[in-house]
Amino acid sequence: MADDKGAIVMVSRGRERDLELLIPTAGSPNDDDSCKPSSSSASSPQTGRETFYIVFRSWASKKFMTGCVILFPIAITFYITWWFIHFVDGFFSPIYAQLGIDIFGLGFATSVSFIFLVGVFMSSWLGASILALGEWFIKRMPFVRHIYNASKQISSAISPDQNSRAFKEVAIIRHPRIGEYAFGFITSTVTLQNYSGEEELCCVYVPTNHLYIGDVFLVNSEDVIRPNLSVREGIEIVVSGGMSMPQIPSILNPHIRPIDSRRMTRS
């Protein structure tokens, strides 16, 4: 009986060893070694594809934005030019259409020639008299006179006539604090009479939000910095938000007297 029991125990132990060899446990070192190469081999191609995708996406996005930056001003320029040609061409093209003449650009050329002839005629004494008479009638109309005055101020700002131009010169003044400067336009000059004598002041208009929305400052003429910029260049600088400002603007009057901190009303 004892021999039979020992034989049964040996057989059962043998079966347990066979099961352990066939079904390895989760914590066995052999299993870890077998799984590591398979996981690394499966993850390395996937990591390579993700890296290539990220690099390609970054490169493509940069090149696309570069193309947009280059083509945007070109497209805007062509669109505005094409719209302007059609707009000006529309003044005289209906007249040519009634005559049976259909030539693109003929109305535009006629409009440009008409504007040139108006400029030549209005520069004469007779044209100036007719213009003054027409302004006299327009300024007595209740609603139309405000529109005409606003549009005339806009056109006079870039007028080539120095006497009638609203913006005389481009100016840079120290404002609002010491060491800070504001960009503006000289519109007129005044003479201030005080106890110490007369002081020449420049009326400097500083745009804040738009070309015709800003503040007016009376600054001593010796404190006004006059850069070597035309009025049209100054208007371009204001409209572009300072992006067209030259990197090294030259100054016409480099000898500016030192500013007194007691004269600064704003800090």
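**Notes on cysteines, aromatic pairs and a nonpolar patch**

1. Let's start with the cysteines: the closest cysteine sulfur to that of cysteine 202 belongs to cysteine 203 and sits 8.9 Å away, too far for a bond. Keep in mind as you read that this is a predicted model. To count as a disulfide, two cysteine sulfur atoms have to be within 2.5 Å. Searching the whole structure turns up 0 disulfides.

2. Where do the cysteines sit, buried or exposed? Cysteine 202 has 0% relative accessibility, so cysteine 202 counts as buried. Cysteine 68 comes out at 35% relative accessibility and therefore counts as partly exposed.

3. Now to the rings. There are 8 aromatic pairs in the structure. One of them joins phenylalanine 52 and phenylalanine 56: the ring centres are 6.3 Å apart and the planes meet at 15°, so this pair is stacked. The cut-off behind that word is planes under 30 degrees apart.

4. Why are phenylalanine 52 and phenylalanine 56 separated by about one helical turn? Because they are 4 residues apart in helix α2, which covers residues 29-98. As for the surface, phenylalanine 52 has 59% relative accessibility and counts as exposed, while phenylalanine 56, at 46%, counts as partly exposed.

5. Helix α2 has another pair to look at, tryptophan 83 with phenylalanine 87. Their rings are stacked, at 5.3 Å centre to centre with 15° between the planes. Tryptophan 83 and phenylalanine 87 are 4 residues apart in the helix, so about one helical turn separates them. Tryptophan 83 is partly exposed, having a relative accessible area of 49%, and phenylalanine 87 also counts as partly exposed, with 44% relative accessibility.

6. Back to phenylalanine 52 for a moment: Phe52 and Phe56 belong to one aromatic cluster together with Trp59.

7. Which helices supply at least two residues each? Those are α3 (106-122) and α4 (125-138). Helix α3 gives the largest share of the patch, with 5 residues.

8. Leucine 131 is placed in helix α4, and its relative accessible area of 39% makes it partly exposed.

Definitions and conventions:
Residues numbered from 1 in each chain as written. Predicted model: local features only at pLDDT ≥ 70, side-chain atom pairs only at ≥ 80, totals over all residues. Heavy atoms only, no water. Phe/Tyr/Trp six-rings, centres within 6.5 Å; stacked < 30°, edge-to-face > 60°. Buried < 20%, exposed > 50% of the residue type's maximum accessible area, 1.4 Å probe, protein only.
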